[in-house]
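Please keep the sequence and the model in view while reading.

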2 protein chains.
Amino acid sequence: MGKKVVVVGAVAAGPKCAVRVKRLDPDAEVVMIDQDSLISYGGCGIPYYVSGDVPDEKELRSTNFHMLRDEYFFEKAKGVTTLTSTRVKTIDRPNKTVTAEHVSSGEVQEIGYDKLLLATGSEPIVPPLPGLDLDGVFTVNNLHKAIEIKDRIAKGQVGKAVIVGGGAIGIEMAEAFKDLWGIDATIVEMKSHLLPSLVDWEMADILARHLRDNGLEVFLAETAQEILGDGEGRVRGVKTDKREINGDMVIIAVGVRPRSSLAQEAGLHVSRGGAIVVNERMQTSDPEIYAAGDCVEITHLVSGQKFFAPLGSLANKQGRVAGDNICGVPSVFKGGVGSFIMKGFDMSIGSAGLTLEGAREAGFEADISLTSPIDRAHFYPTQAVTCFLMVFDRRSRRVLGFQGIGPMGDGILARINGAAPLLCEGGVIEDFNNIEMAYSPPFSAAIDSINAAAYVAENLCDERMRKIDMGKFFAYMDNPALEPDWVMLDVRHPKQADPFVEKFGPDRWLSLPYDEVRNRYEELPRDKTMVIICNAGSRSYEVQRFLDHHGYSNNTVLAGGINVVKRMNVDWLPPT
Amino acid sequence: MGKKVVVVGAVAAGPKCAVRVKRLDPDAEVVMIDQDSLISYGGCGIPYYVSGDVPDEKELRSTNFHMLRDEYFFEKAKGVTTLTSTRVKTIDRPNKTVTAEHVSSGEVQEIGYDKLLLATGSEPIVPPLPGLDLDGVFTVNNLHKAIEIKDRIAKGQVGKAVIVGGGAIGIEMAEAFKDLWGIDATIVEMKSHLLPSLVDWEMADILARHLRDNGLEVFLAETAQEILGDGEGRVRGVKTDKREINGDMVIIAVGVRPRSSLAQEAGLHVSRGGAIVVNERMQTSDPEIYAAGDCVEITHLVSGQKFFAPLGSLANKQGRVAGDNICGVPSVFKGGVGSFIMKGFDMSIGSAGLTLEGAREAGFEADISLTSPIDRAHFYPTQAVTCFLMVFDRRSRRVLGFQGIGPMGDGILARINGAAPLLCEGGVIEDFNNIEMAYSPPFSAAIDSINAAAYVAENLCDERMRKIDMGKFFAYMDNPALEPDWVMLDVRHPKQADPFVEKFGPDRWLSLPYDEVRNRYEELPRDKTMVIICNAGSRSYEVQRFLDHHGYSNNTVLAGGINVVKRMNVDWLPPT
């Protein structure tokens, strides 16, 4: 008989480890235990099951060759003994056993192990709101809840939904309600922008606008205070610090935390945030016990700090590394940069690495380059504007993060995937200047969006370019008295600039086309600070270089340009 | 007056350098010279102009804000003096002047320089065939020819086209003829597969099949010997070593070579292949003279050898680096891995790094992992099969190249872009195991295609997996006598396996479903070599591990599986 490996948790990291062990060491006796009856499912697919894109929940827990991944499958096809509906209650480390209890029968058994993997996953954070126990209030942390949500929708019991939490799951669920079922949905996010910690506000604002354009309500910087009932035990809405929102279903999606009580009670080292501490081999503080997936913390390869990255992609990688080490193959999992991608109606948004806020918290002298390039050769018929934000450190010139939003498709993914490996390797701006992205007109511009973002970062770092950020610009547009000496210098074609000049008056908005600047720059005011504006920011930069050289250096560039402004939540644009 | 910079060539690298110089040093006097009247165009867009996707050639030479990039534009908007239809005849290095002649007036002028950039590009290789001067024979190396080709098409003068050369431009041109204009087109490629040097034959075979399915004729391993005329000076077809092919237009697209005679005559260091030799700052052997774009050779960051990579994306980067160094900014261009992407009807194909053949030529102990993963979560409705080929070195475990083909869209691009930065950094298989690709069901599987390809490479390197390649398998299927002791072990569902068993008989094709192997393996023959077959190769590998352990180690896996076979040019598949 081979070594005995016990795996606690059978969703992503657990099964990956279990089957890797069986392949590396077919003699090993592997027992996988999960408290749930449904196992090995694609949890990230839940919103697509709720929406109806995935018609049957069984597809979420099937292989790509259409076999249902239940306990019989793992037994028959993989040789892994699988106990479902069975909860591991305690770990006896000195004797190397776990105590497992069947959740319905209460039957208890002791199972010995040579090596143990904890893949206990995460659990939803539930804020302590009154009314949580009302009928119609859900978290989305397992398949049973997803099935019940969809069941209610299919029965026509959901007229309006309120989603508490504007993270990825909250947004995907809101889209699921609205897009395919036509159910009105409201997102309430406590922070001032969607997807906090994943992207910066400029990207999030574009997404929020798009969600609103598709019929969702999005309330930001607003805190749910109470779940409201109808007096008969059913939910009727959510009370926030600003209003009451009606809804006959409420989804709580404010985030997840590592599920680590089993590890904690066994005396394993657990972080302050509750994540199991592991080394690069996924070993816990007990070398016979491994942990992987949403229950652990990993090293952020940009900040060097530990972080919690509950992502299915990482769980699988960690499970494989744990399996390797259990079998004596010395693999390592060095950490990650939290690569992220999401669909929101007809847009996709993604990121990798640190946000500006996160980078500053981590001690970097961080700044951003905001760009709005066209995603293909500009002459290619399907081209569209995309927006990217590169976070960099002015001191070390290291690139710290990269974010993008654009049309739905794999174009944003292609740039996030291009950036992530270099972020992991500590790449500086100059590395990103020359990062070699494949080019052909149907796929990209000759200068890829990543390169373009790095060029701008370089020009900023070298102080060849000076900019104002969108936040400052928006504040000014809302209240021009903030910057009485500013005048906008619009270098776009008069067709594009004129409506702005007309709306804001020539004292605030000047038009001087890009290709006339060299001949006419002496007409420009010397006593004003000029905010140079074009569509993408590149003409503005060029004009800035020229004006600086000719003594008109009281100028700054609106980074990102009107391409970005037009996609954000602004109400002052002139009609076009 | 600032320094005087002369730029020879005004398509990609030249203009990029010229305008970068003006931005870094607005005092610089920049003169850009091109022998053509049309400049600064997206040459890679020519096939899309010919097809009609791009209605007007002016779009190829406009900015993304719709200004025509002609000599007036460079003068007015960029401050760059631009001489078109002007050929630089000689460089007088001691006196730092160039002699330039107007191509129609013959007027000659001498222009002094402090720094000179050669961006003379490439020129088409034209094989010495009889009949090259017939009316209707074209290369596609500049916009004038593209305009004439399209003009003839639009006038209905082209009924059938023959394209000599199955590289990227040849294929794109063939698609342009067929897809939008419905003109029959035949590709004749001398090598045994399309896109030689860019991808290996397995990928190329899938593309060839797709081109044929879309109505193109593709003849491989066939050499054009003569362009045939109609006796009145017009082309009527092409004679190859195998047949005569009719056509009233012939496109010669067998590749390009660096245009370097000007550099050569000036005594600059030029490689045996005719490329201008530059250092990482894009300086030639004369430190006052820079070169960039299709006329130079660069370092291949995998092989370390010099190579010729005539790609618009690299030309732009090199032009910028040259501009930097001309102005004292110490940028470097370290080299590249030849990242490549192409559309072919409804598929996209891409690569980065070395092919298997190229890797072996470069001295690596190279092998491949061939995989056929699903491009999204397998439950996501738009999922589709993709095929990837990873080239790796068995000695150093370094990943040497990555290729993929799949549905049209940015999915293949996302993987090529993900792989390229790590290829440049010398990444080994283990780095690619854990490369962090963003995941969400609409975009990828939890284990991304790159990771999956690396997993297979690792299993091969560690000799946990043994495989036969498609070539050997196809040879056997064509002639079973080659391997009389082989039997196929099909572990797919009987619904998929049965038609094969029926067609080839149970002596050659056995069916034993994956999930029954553990119970029924003793039924398997001990006196045969089993070729284990499934759709993607992963079940086969798992079965191999199990059988090896149980003493049935006379087995091998068909790498890539039936997913790949079904997409290739095979005629022996049973009807489904």
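A residue is called buried if 20 or more other C-beta atoms lie within 10 Å of its own, exposed if 12 or fewer do, and partly exposed in between, with C-beta atoms placed from the backbone. Helices (H or I, at least four residues) and strands (E, at least two) are DSSP runs, numbered from the N terminus.

This is a predicted model, in which local features need pLDDT of at least 70, side-chain atom pairs count only at pLDDT 80 or more, and totals for chains, interfaces and linings use all residues. Residues are numbered from 1 along each chain as its sequence is written, while chains are lettered from A and ligands numbered from 1 in the order in which they are written.

Helix α11 of chain A covers residues 411-424. From its first C-alpha to its last, α11(A) reaches 21 Å, close to the 20 Å expected at 1.5 Å a residue; the expected span is 1.5 Å times one less than the number of residues. Just after α11(A), A:Gly426 takes a positive phi of about 80°. In chain B, α11(B) has 14 residues and reaches 21 Å from first C-alpha to last. Of its 14 residues, 14 are buried, so α11(B) is largely enclosed by the rest of the structure.

## Chain A as a whole

The secondary structure of chain A comes to 18 helices and 30 strands. Its C-alpha atoms fill a box of roughly 90 × 60 × 45 Å along the principal axes. A compact globule of 576 residues would have a radius of gyration near 25 Å, and the 27 Å of chain A agrees with this. That radius is taken over C-alpha atoms, and the globule rule is 2.2 Å times the number of residues to the power 0.38. Buried residues make up 58% of the 576 residues in chain A.

Two residues are in contact if their C-beta atoms, placed from the backbone, lie within 7 Å. Among contacts in chain A between residues at least 6 apart in sequence, 64% join residues at least 24 apart.

Domain bounds come from an automatic or database domain assignment.

| Domain of chain A | Residues |
|---|---|
| Domain 1 | 4-122 + 257-326 |
| Domain 2 | 137-254 |
| Domain 3 | 340-461 |
| Domain 4 | 467-566 |

The C-alpha centres of domain 1 and domain 2 of chain A lie 29 Å apart. Their contact takes eleven residues from domain 1 of chain A and 14 residues from domain 2 of chain A. On the domain 1 side, the elements that give two or more residues are α2 (46-51) and α3 (57-60) of chain A. The most comes from α2(A), with five residues.

## Individual residues

Most residues other than glycine have a negative phi. A:Leu195 has a positive phi of about 50° although it is not a glycine. A:Leu195 lies in the loop between β11 (184-188) and α7 (201-213) of chain A, and it is buried, with 26 other C-beta atoms within 10 Å. Phi of A:Met282 is also positive, near 70°. A:Met282 lies in the loop between α8 (261-265) and β18 (289-291) of chain A and is buried, with 32 other C-beta atoms within 10 Å.

In chain B, B:Phe308 is found in the loop between β20 (306-307) and α9. B:Phe308 counts as buried, with 20 C-beta neighbours inside 10 Å.

## The two chains together

How are the two chains related? Chain B can be laid on chain A with an RMSD of 0.0 Å by a turn of 180° and a shift of 0.0 Å along the axis. That is the relation of a two-fold axis. Copies are superposed by least squares on the C-alpha atoms of residues with pLDDT of at least 70 in both. Of the residues of chain B, B:Ala414 comes closest to the rotation axis, at 1.8 Å (C-alpha).

The contact between the chains takes 77 residues from chain B and 77 residues from chain A. On the chain B side, α11(B) gives the most, with ten residues.
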